[in-house]
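Colleague: Could you walk me through the charged side chains in this structure? I am new to this, so please go step by step.

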Amino acid sequence: MHSKITGIINPVLAGFSIGIAAVCFLRGGQLIGAALFAFGLSTIVLSKWPLFTGAVGFSSDIIKLLKIISLNFVGAILASVFALANPTTVEAAHSVVDVRLASGFGLCLLYSIGCGFIMTVSVKYARQGQWIPLLLGIPTFIICGFPHCIADIVYYAADGRYLEVIPCWIASIIGNSIGGNMPTYTRFLKGEQQE
């Protein structure tokens, strides 16, 4: 029973943590927000909470990944309340979403690959106690404007153009998945199993 409860709560907390990081980005601007965003992922790694973008490069279990992203979605939606409560963050969210919509499905997909790659590398080394890739990688993908499918939930929730952003969000899920598997694709070539 306890494991079932934590199996639900922990992915929600992961989504909530990334959601708070997204609010930090909206409040702090690109440079400060990019640095503070590392709070979200470092908390998740240390707490061993499942995050879709941190898990997709290490697991081939589609059902497990769907469960994680669904519960991450709930956590990010809960955190989006902090963005909706402030007109400044809502306005900043409009700017982010304008860029996503202008990019369209193809470019959102392409840019999301970069985020997925950085996330897998960051998580891989953070799990080994090497934090530099995470501390540098997270600000890197933020400054590059690479979509993160969980953080983007907060931007989309604060922006309010829900139907319009669905193609971009789907593109970011696919792109994060492709990029997340790039560092580990040699496992398949060697016949090794993922987690």
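Predicted model: local features only at pLDDT ≥ 70, side-chain atom pairs only at ≥ 80, totals over all residues.

Colleague: How many salt bridges does a search of the whole structure find?
Modeller: Side chains of opposite charge can pair when their charged atoms come close. To count here, a nitrogen of Lys or Arg must lie within 4 Å of a carboxyl oxygen of Asp or Glu. Searching the whole structure this way gives a total of 3.

Colleague: Which residue forms a salt bridge with Arg100?
Modeller: Arg100 lies in helix α4, so a partner in helix α6 ties together parts that are 52 residues apart in sequence. Both side chains' residues are buried. The closest N and O atoms are 2.9 Å apart, and the partner is Asp152.

Colleague: Where is Arg161, the partner of Asp98?
Modeller: The side chains of Asp98 and Arg161 meet in a salt bridge, with 2.7 Å from N to O. This pair links distant parts of the chain, 63 residues apart. Asp98 belongs to helix α4, while Arg161 sits in the loop between α6 and α7.

Colleague: Is Asp159 buried or exposed?
Modeller: Asp159 forms a salt bridge with Arg161, again with closest N and O atoms 2.7 Å apart. Buried means under 20% relative accessible area. Asp159 has 8% relative accessibility, so this residue counts as buried.

Definitions and conventions. Residues numbered from 1 in each chain as written. Heavy atoms only, no water. Helix = DSSP H or I, 4+ residues; strand = E, 2+ residues; numbered from the N terminus. Buried < 20%, exposed > 50% of the residue type's maximum accessible area, 1.4 Å probe, protein only.
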